[in-house]
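Morning, everyone. I have one structure to walk through today. Please look at it on the screen first.

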Amino acid sequence: MSLTPSEELATFTELDTREREERTDLLKLEPARAAVLVVEDDPSHREILVEMLAGWGYEPLPVGSAEEAEFAVRNKRMDAAIVDVFLPGRSGATLMSRLRERFPQSVLIGVSALSDAAMARKCKGLGADLFIGKPLDPQRLAEALQSRHTSWH
């Protein structure tokens with residue numbers, strides 16, 4: 001069975017259009033996921049945070065110490081950080097000050113099992129946007145990651 005010239009042209013045009021659409025689909029970029037540094041020395045707490053963040057669509061960058069955190073963000077962007085205030089080695093408090101200097105637009109959240117008003121003030125003084133006591137409330141953490149509490153710094 002032979003196609004007429006107009007049928008041949010229509011078939012060719014249809015194939016050409018489909019190929020262009022497929023190529024366009026391949027070129028579509030996925031929106032960048034917000035990178036969240038997770039600095040937690042307890043491996044089980046760190047793993048829970050990573051799973052939560054990934055489930056919410058964030059790109060978690062998990063580390064177990066302040067030293068690892070500084071290395072992890074050396075050549076990367078960081079949109080937010082969740083930092084345990086009490087870490088082995090260099091403190092989370094020192095890390096928060098450094099992160100605030102380097103990433104002034106990032107959401108910085110201090111966390112600690114010692115959750116009282118004095119700890120919240122300490123974190124605020126170090127440049128944290130928010131302080132959340134442990135155990136972390138997932139709803140409060142989700143809201144904190146979406147906030148912009150720039151009045152503190």
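**Asp84 and its surroundings**

The side chain of Asp84 makes a polar contact with the side chain of Lys134, at 3.0 Å. Keep in mind that this is a predicted model.

Let's stay with that aspartate. Asp84 lies in strand β3, which covers residues 80-84. Is Asp84 buried or exposed? Its relative accessibility is 5%, and the cut-off for buried is under 20%, so Asp84 counts as buried.

UniProt, in an unreviewed entry, places "modified residue: 4-aspartylphosphate" at Asp84. That comes from the record, and such annotations may be inferred rather than shown by experiment.

The peptide bond from Lys134 to Pro135 is cis, with omega near 0°. Most peptide bonds are trans. Pro135 sits in the loop between β5, residues 130-133, and α6, residues 138-145.

Next, the sheet. Five strands form an open sheet, in the order β2-β1-β3-β4-β5, and the pairing is parallel. From one strand to the next, the twist averages 20°.

β4, residues 107-112, and β5 pair in the parallel sense over 4 bridges. Ile109 stands opposite Leu130 in β5.

Now the helices that lie on these strands. Helix α2, residues 43-55, lies across β1, β2 and β3. Its direction is about 170° to β2. α6 lies across β1, β3, β4 and β5. It runs at about 170° to β5.

Last, the whole chain. How many helices and strands are there? The count comes to 6 helices and 5 strands. From the N terminus on, the elements run α-β-α-β-α-β-α-β-α-β-α. The chain has 153 residues, and 36% of them count as buried. Of the contacts with a separation of 6 or more, 60% come from residues 24 or more positions apart. The chain exposes about 9,400 Å², and carbon and sulfur atoms supply 55% of that.

To close, back to the aspartate: Asp84 is buried, and its side chain is in polar contact with that of Lys134.

Key
Residues numbered from 1 in each chain as written. Predicted model: local features only at pLDDT ≥ 70, side-chain atom pairs only at ≥ 80, totals over all residues. Heavy atoms only, no water. Helix = DSSP H or I, 4+ residues; strand = E, 2+ residues; numbered from the N terminus. Buried < 20%, exposed > 50% of the residue type's maximum accessible area, 1.4 Å probe, protein only. Polar contact = N/O pair within 3.5 Å; in protein donor to acceptor, adjacent residues only side chain to side chain. Contact = heavy atoms within 4.5 Å. Areas by Shrake-Rupley, 256 points an atom, 1.4 Å probe, with all protein chains shown as cover. Pairing = 2+ DSSP bridges. Axes fitted to C-alpha atoms, helices over the stretch in contact; angles between N-to-C directions.
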